[in-house]
Amino acid sequence: MNFQFFLPIILLFFTFYKRNRAFLFWTFSFALALVLGLRENIGTDYKVYSDIFQGKFPVTGIDIGFMVYALAFYIIDDSGKLGMLVTAIITVIFHLSFIRKFSLNFWLSLTIFICLPIFFLSTLNLVRAHFAISIGLISVIFYIDKRYFLSLLFIALSTIMHVAGIIFLVIFLQMLVSKKFILISIFAIFLVFLLVFFTNIEVLIDYYLPQFSYFSSHLSENSPLLAGAFLLLNFGTLFSLYIQKEFSKIQRVLVMLNLLTILFLLLWFVSDYSNLWLRFSNFTSVHLLITIPFLFESLKPLKIRYLFRMVFSFGLIFLYIGYWLSDPSFGFKL
């Protein structure tokens, strides 16, 4: 039974249940982890990762760190189920710990995580990527807490699990963020967009980084409409940060991730390596878990804030249910 269908309904109930938030945090964490870890044949990539945890490694496409990680579980349990379960638990708890640490509205962030298709639904498919992302999110927590060595260590762990994890190094550039920096960055992003659109600059990638040729030949059925909606959402959350009088440390980190997401999504539209930029955008889009609630909390008056937040939350829940009705396997396609 695809019992993940009931998650938004349970979520809606607990949104109005205000007691013992620590208990609710761990309840939801393990509920989501069990949905991820005990699933079978959900999504298009499930068998790939199930095989990996059974010691059947593909010839290419898997980073060495994840291969060693999976092999350790294969030695203990050759069925692959233990590896999938532990990976799911780590992925969910690390994501929700990031939300709990920085979100102005934990329940709205949790709703976004469960219902917006680039997060929970995507973890049902892209196991390795979201595992690496979750490790990168812990590096952000350590960085904000000024534990810089641990932050670098977790970025390194994320990178050896998935090469895109190196993107989290951008958090060490957060001190550059200012209103002037954001405007200059947006201008530079559009220049890169035009450069890729009007030239064959990607032949440089083919020549110097031939291992990425997989992404230019990897066909995908991704929706430009949905990608465009995510692009607009990123512009909206960036603007909500831009209009602040001053930036906190975490807000500067979120700005850096937001700018990279905009860059990757724009390149998705014009690049032969669209699948590569889509993978990279998965790593930086995690800022939406925090910036969307921040956007709503900045709305005034209070009645408008509640109205927009409620409409957005119910819209996400119906979107989630719509994905389940159209494809109970949750084969995610952006």
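Mentor: Helices are DSSP runs (H or I, at least four residues), as strands are (E, at least two), and they are numbered from the N terminus. This is a predicted model, where local features need pLDDT of at least 70 and side-chain atom pairs count only at pLDDT 80 or more, while totals for chains, interfaces and linings use all residues. Residues are numbered from 1 along each chain as its sequence is written, and side-chain values use heavy atoms, with hydrogens and water left out.

Trainee: Then how many Å should helix H14 span?

Mentor: H14 (residues 249–270) should span 32 Å, because it has 22 residues at 1.5 Å each, and the 33 Å between its end C-alpha atoms agrees.

Trainee: How many residues of H14 are buried?

Mentor: Buried means under 20% relative accessible area, exposed over 50%, and partly exposed in between (1.4 Å probe, protein chains only). By that rule, 19 of the 22 residues in H14 are buried, so to speak mostly covered.

Trainee: Which residues of H9 are buried, then?

Mentor: An α-helix has 3.6 residues a turn, so residues three or four places apart point the same way. In H9, the buried ones are Ser151, Phe154, Ile155, Ser158 and Met161. They line one face of the helix, because they fall within an arc of 120° seen down the axis; the arc is that of the directions from the helix axis to the C-beta atoms. Those residues pack against helix H4 (64–76), H5, H8 and helix H15 (274–284), where contact means heavy atoms within 4.5 Å.

Trainee: At what angle do H16 and H17 pack?

Mentor: Two packed helices are described by the angle between their axes and the distance between the axes. Axes are lines fitted to C-alpha atoms, for helices over the stretch in contact, and angles run from 0 to 180 degrees between N-to-C directions. H16 (residues 288–297) and H17 (residues 302–326) pack at about 145°, axes 9 Å apart. Ile292, Phe296 and Glu297 of H16 meet Arg305, Phe308, Arg309 and Phe312 of H17.

Trainee: Which residues does a cis peptide bond join?

Mentor: Most residues other than glycine have a negative phi, and most peptide bonds are trans. Here Lys300 and Pro301 are joined by a cis bond, with omega about 0°, and Pro301 is in the loop between H16 and H17. Lys146, not a glycine, has a positive phi of about 65°.

Trainee: Is Lys146 buried or exposed?

Mentor: Lys146 counts as exposed because its relative accessibility is 61%.

How values were computed: The expected span of a helix is 1.5 Å times one less than its number of residues.
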